[in-house]
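Hi there,

Here is the structure I promised to pass on to you. Please open it beside this email, and my notes on what was found follow below.

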Amino acid sequence: MGVKIVTVSCDTKFVHLAWHTVEKELKPVTYTMGADANGQLARTFGVYLDDAGVALRGTFLISPDGTLLNSEVNFLNLGRNVDEIMRKFKANLYLSRKSDEGIPAQWNEEGDVTLKPSARMVGKVHEALGNDGVPVDGSSC
């Protein structure tokens with residue numbers, strides 16, 4: 001899909017090595033794990049909690065040109081859903097080719113119903129999604 005995954009935490013590279021060696025959930029990890037031990041990157045992204053000395057869990061989708069496409073910040077004890085992150089990635093990839101369309105929350109894959117935002121769409125999203133059987137003008141299947 002042409003994506004580069006980099007995880008970053010405020011732990012050191014030695015902690016990452018320990019995670020990879022001991023934590024079975026991380027055994028198959030092959031992507032880059034970056035260390036932000038001083039919290040500078042976490043501060044840049046606005047997720048560092050100075051008073052606690054830790055960072056919130058942030059997920060950021062950034063285009064190759066450096067444009068922030070999507071961000072999600074969760075509290076410390078809330079894990080992220082890889083399937084939802086991939087849905088957002090695929091949606092942004094799709095929208096990079098079809099910027100005049102809108103991706104509804106139920107969209108999962110190319111070929112799913114999208115919307116063509118317009119004044120005529122206001123108040124008619126439910127119908128445009130085919131939830132009443134017939135899509136209205138302005139939707140795309």
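Ala37 is exposed because its relative accessible area is 54%, where exposed means over 50%, buried means under 20% and partly exposed lies in between, all with a 1.4 Å probe and protein chains only. The place of Ala37 is the loop between E2 and H2. Those labels are DSSP runs numbered from the N terminus: helices (H or I) have at least four residues and strands (E) at least two. Ala37 touches Cys10, Asp11 and Thr12, not counting residues up to four places away in sequence; a contact here means heavy atoms within 4.5 Å. From Ala37 to Thr7 the separation is 30 residues in sequence and 13 Å in space, C-alpha to C-alpha.

A word on the source: this is a predicted model, in which local features need pLDDT of at least 70 and side-chain atom pairs count only at pLDDT 80 or more, while totals for chains, interfaces and linings use all residues. Residues are numbered from 1 along each chain as its sequence is written, and side-chain values use heavy atoms, with hydrogens and water left out.

Now to Val54, which is found in strand E4. Val54 counts as partly exposed because its relative accessibility is 32%. Leaving aside neighbours within four places in sequence, Val54 is in contact with Val47, Tyr48, Leu49 and Leu76.

Apart from neighbours within four places in sequence, the contacts of Ser9 are His16, Trp19, Gly34, Ala35 and Asp36.

Next, the empty spaces. Rolling a probe the size of a water molecule over the atoms shows where empty space is left. The search uses a 1 Å grid over the protein atoms alone: a cavity is a set of points where a 1.4 Å probe fits but cannot get out, a pocket is an open set with protein on both sides within 12 Å along at least five of seven lines, and lining residues have an atom within 4 Å of a point. Grid points are joined across faces, edges and corners, and a volume is the space filled by probe spheres set on the points.

The largest pocket has a volume of about 1800 Å³. Its lining has 45 residues, and Val6, Thr7, Val8, Gly58 and Arg80 lie nearest the centre. Several elements each supply at least two lining residues, among them E1, helix H1 (13-22), strand E2 (32-35) and helix H2 (40-44). Which element gives the most to this lining? That is H3, with seven residues. By class, the pocket lining has 28 nonpolar, twelve polar and five charged residues. Here Ala, Val, Leu, Ile, Met, Phe, Trp, Tyr, Cys and Pro count as nonpolar, Asp, Glu, Lys and Arg as charged, and the others, Gly among them, as polar.

As for cavities, the count comes to one of 30 Å³ or more. The largest cavity has a volume of about 40 Å³, and its lining consists of Thr59, Leu61, Asn70, Glu72, Glu84, Ile85 and Lys88. H3 provides the largest share of that lining, three residues. The cavity lining divides into two nonpolar, two polar and three charged residues.

H3 deserves a paragraph of its own. The 16 residues of H3 should span 22 Å at 1.5 Å a residue, and its end C-alpha atoms are 23 Å apart, which agrees; the expected span is 1.5 Å times one less than the number of residues. Buried residues in H3 include Ile85, Phe89 and Tyr94, and what covers the buried residues of H3 includes E5, E6 and strand E7 (114-115). At the N-terminal end, Asn81 caps H3, with a side-chain oxygen 2.8 Å from the backbone nitrogen of Asp83.

Finally, look at Thr114 in strand E7. Thr114 counts as buried, because its relative accessibility is 0%. Its side chain is joined to that of Glu101 by a polar contact of 2.5 Å. A polar contact is a pair of N or O atoms within 3.5 Å; within protein, one must be able to donate a hydrogen and the other to accept it, and residues adjacent in sequence count only if both atoms are side-chain atoms.

Enjoy exploring!
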